[in-house]
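This report considers how side chains meet within a protein chain. Please examine the sequence and the structure shown here before reading on.

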Amino acid sequence: MSSTKRAKSSQRQPLSRERILQTALILADQQGLAALSMRKLAEALQVEAMSLYNHVTHKEDLLDGLVERVVAEIEVPTAGGDWREAMRRRAHSAHAALMRHPWATQLFVSRVNVGPNMLHYLDQTIACLHTAGFSYALADHVWNVLDSHLYGFTLQALNFPLEPEHYAQAAGEFLPLLPADQYPHFKALAQLVISGEHTGLQDFSFGLELLLAGLESLRLRGQPQP
C-alpha cells in the first residue's frame, strides 16, 4: 500500500494505543507471539511502522499492554465473602482467559507485570485472603500456590500432544510398550482408557478443590508460617 493510501486510511481510523493493542491481541491470538512484530502490526493497521512509536514506546511496552488486556478479562475477587468461592471464580476465570489467548501464560510467568490492571487484580486477591484471616505472608503463599496450579495446568492443556478424542487410540498403540511384568500399574491404567472406563481427561477443578480444601484447613488451624 502506498504512503498516500495509508495516510487516508489513518485519517478514517485514527491511530491510538487502544487500536494498536487490540490489533496486536488479534495477531497474537492468530499467529502467536513469535510472529508478532512491529512491522507486521503496522501492516495490519495499514500505517507506517514508525507511527506506532507515538503510542507504544517499544516492543516491551506492547507486551505490557497485551498482558493488561488479558488481565482485564479475569474476574477480580472481592473481600468479605466466601474466600474459597472468590478464589475459585478467580481461578476458573483466569484459566478461561489464558486458554482464549494461548500465548499469554508465558508472559504472565516470565515477566514482571506491574500495569494498573495487574496491580488491582493482585491487590484485591491479597485483600480477599487477608480479610478471610490469612496473614499477609501466608496470603502471599496462598495465591502463589493457586497460580502455580493455574499456570501449570493451562500450559499442559495448551501443549499436550493429543486431543481428548484420540486418548483411547493412543493408549491402544502404547499398550505393547508396557510389558505387564515391568509396568503392571501403568498397563492397567492404559487398559481402562482403552475400554472407556476411564477417559484419561484431567480436570482443572480437581486440583483446585484439593488446594482450596487444604488451605481452608490451614486457615482454621491458625496458619503456621510455611
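A residue is called buried when its relative accessible area is under 20%, exposed when it is over 50%, and partly exposed in between (1.4 Å probe, protein chains only). The model is predicted, so local features need pLDDT of at least 70 and side-chain atom pairs count only at pLDDT 80 or more, while totals for chains, interfaces and linings use all residues. Residues are numbered from 1 along each chain as its sequence is written, and side-chain values use heavy atoms, leaving out hydrogens and water.

**Aromatic pair**

Rings of Phe, Tyr and Trp (its six-membered ring) pair if their centres lie within 6.5 Å; planes under 30 degrees apart are stacked, those over 60 are edge-to-face, and the rest are tilted. The count by this rule is 5 aromatic pairs. One of them, F108 with Y151, is edge-to-face, at 6.2 Å centre to centre and 65 degrees between the planes. F108 belongs to helix α6 and Y151 to helix α8, 43 residues apart. Y151 is buried at 16% relative accessible area, and F108 is buried at 9%.

**Salt bridges**

A salt bridge joins a side-chain nitrogen of Lys or Arg to a carboxyl oxygen of Asp or Glu within 4 Å. The structure contains 11 salt bridges, including those tabulated below.

| Pair | Closest N and O atoms |
|---|---|
| D61 and R17 | 3.0 Å |
| E18 and R69 | 2.8 Å |

D61 is buried, with a relative accessible area of 13%, whereas R17 is partly exposed at 31%. Salt bridges also link E60, D64 and R111 in a network.

Technical notes. Helices (H or I, at least four residues) and strands (E, at least two) are DSSP runs, numbered from the N terminus.
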